[in-house]
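Biologist: Can you put the model up so we can go through the side-chain contacts and the cavities?

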Amino acid sequence: MHLSEFQQPAAFRSGGWIRKAGTLLSRLMAALPLLVSVAGCQERLTKEEATLPFVFRSLQLSQNDSNGRPAWTLNSPEARYDITRRLAQARQLRGTLYAEGRPAYQLSARSAVVLADGALIQFEGQVRLKRLGPEPLLISAERLRWYSREARMELDLRPVATQRDLTLSSEKALFLIDRELLRLQGRPRIQRVASASSGSASKTQEMLTIEASSADWFPSSGKLEATGPIQARRIFRGPDGAVQTLTSSSLRGNTLSQKLVLASPVRFQDPGASAQLDAAETHLDLQREQASSTKPFKGTIGRLTIQGQGFVLHQPGTVALIPKGCRLRQPGEVLSADRCRWNWTTQALEATGNVELQRQASDQTTRASRLDGRMGESGTVVFTSPGGRVNTRLRLQEQPAPGRPRSKEEFPVRM
């Protein structure tokens, strides 16, 4: 570490001792007794003069790694060194952190206090740590404590990290520089703001907020791991102001690809559509605004119960696809099909592939390659055929003559 162009109290200046300081603050401390005792140049310091701080016209601190390459540098246009308290106070600090000798981060703050020859530096006021390179990152806080020898930073006043359209925040954070690990502690939160209907004339802004108990994030690779309980809220700031919620036990993923995996059990709720979905491990693709799972799930929309082997939920069109093993149940009816497509904005339902609709009334079974449906105000779906061939089998009960038992007879109907 280096100090340059410092100003001393008047007693030292008259003795002619203005010169370049040594490479460490400790050398300056060691030199002070000699400055006072040199014969012919000695001037007695008053008690008040002894407590005056050294004022440096410029301050430069630097450190190299074990291979002699620069590890970090800090610069300030002005600094004061307090002899009695053994600390330096600097303003408008600017610095660079290096990785393998190449600039990796830029650091700035309104003020700083340097302790123990730079082993501990506390930055305050508009602290900014900016990652350089193809995937820039900005970490900000109002206070940051840097343990330079341990390559560790502690942020405890409103720490926020921003990368692309994602913002990560928490009550406090720990940044391990060597591992490029940002550990978020105390109600960590991930937020993303995007346009939820870019193709329409009236755009709706969507905000996704994910809260966890703790989170480990590697900004350079984007790897993210968060412990639960996980709670996510999707808010559409449009005419309807819809709010959707999602809960999970834990979360992992990547912020660069914006793909997350929610651990089982997962619950999705849309109160505006009276919809709820219970699923196992679920994948979120934030860029494509899509949620999907290959595991069995069960959901309800109104009075309709939905089951299937996996699902794909598209946003913002609110379209759900059941690619395999679709089964729908509502009062008096059960439908099974290879695939189903549901749009709960228009309340339209499409079932394709080996469709079978069973109605308890008249013991009726209808088979078709496709059936369409639409949910009515009662919360049930009315199914219709879109023009293809439908096979319907009715089981009617014959009214018996007096003294004869009642019998059943099947009547196939082709349409």
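**Salt bridges, rings and cavities**

Modeller: Arg 143, Arg 145, Glu 150, Arg 152, Glu 154 and Asp 156 are joined in a network of salt bridges. Keep in mind that this is a predicted model.

Biologist: How many salt bridges does a search of the whole structure find?

Modeller: The search finds 20 salt bridges.

Biologist: Arg 145, buried or exposed?

Modeller: Buried, because its relative accessible area is 19% and the cut-off for buried is under 20%. Glu 154 has 22% relative accessibility, so Glu 154 counts as partly exposed.

Biologist: What ring does Arg 152 lie over?

Modeller: Arg 152 lies over the face of Tyr 147, at 4.2 Å from the ring centre. Arg 152 is also the salt-bridge partner of Glu 150.

Biologist: Which residue does Arg 183 pair with?

Modeller: Arg 183 forms a salt bridge with Asp 216, and the closest N and O atoms are 2.9 Å apart. Arg 183 is in strand β13 (residues 181–185) and Asp 216 in strand β16 (residues 214–218), so the pair ties together parts 33 residues apart in sequence.

Biologist: How accessible are Arg 183 and Asp 216?

Modeller: Arg 183 has 27% relative accessibility and counts as partly exposed. Asp 216, at 22%, counts as partly exposed too.

Biologist: Switching to aromatics. How many pairs?

Modeller: The count is four aromatic pairs, with ring centres within 6.5 Å as the rule. In one of them, Phe 297 and Phe 311 have ring centres 5.3 Å apart and planes at 70°, so the pair is edge-to-face.

Biologist: Where in the chain are those two Phe residues?

Modeller: Phe 297 is in strand β23 (residues 290–301) and Phe 311 in strand β24 (residues 304–314). They are 14 residues apart, and the pair links distant parts of the chain. Phe 297 counts as buried at 8% relative accessibility, and Phe 311 counts as buried at 6%.

Biologist: Which residues do ring pairs link into a cluster?

Modeller: Trp 72, Phe 123 and Trp 146.

Biologist: What lines the largest one?

Modeller: Its lining has 20 residues, with Arg 234, Leu 246, Phe 268, Leu 284 and Ala 291 nearest the centre of the cavity. The elements giving two or more residues to this lining are β17 (223–237), β18 (243–254), β20 (266–270), β22 (282–285), β23 and β24. By class, the lining has eleven nonpolar, five polar and four charged residues.

Definitions and conventions: Residues numbered from 1 in each chain as written. Predicted model: local features only at pLDDT ≥ 70, side-chain atom pairs only at ≥ 80, totals over all residues. Heavy atoms only, no water. Phe/Tyr/Trp six-rings, centres within 6.5 Å; stacked < 30°, edge-to-face > 60°. Helix = DSSP H or I, 4+ residues; strand = E, 2+ residues; numbered from the N terminus. Buried < 20%, exposed > 50% of the residue type's maximum accessible area, 1.4 Å probe, protein only. Lys NZ or Arg CZ within 6 Å of the ring centre and 35° of its normal. Salt bridge = Lys/Arg side-chain N within 4 Å of Asp/Glu carboxyl O. 1 Å grid on protein atoms, 1.4 Å probe; cavity = no way out; pocket = protein on both sides within 12 Å on 5 of 7 lines; lining within 4 Å. Nonpolar A, V, L, I, M, F, W, Y, C, P; charged D, E, K, R; others polar.
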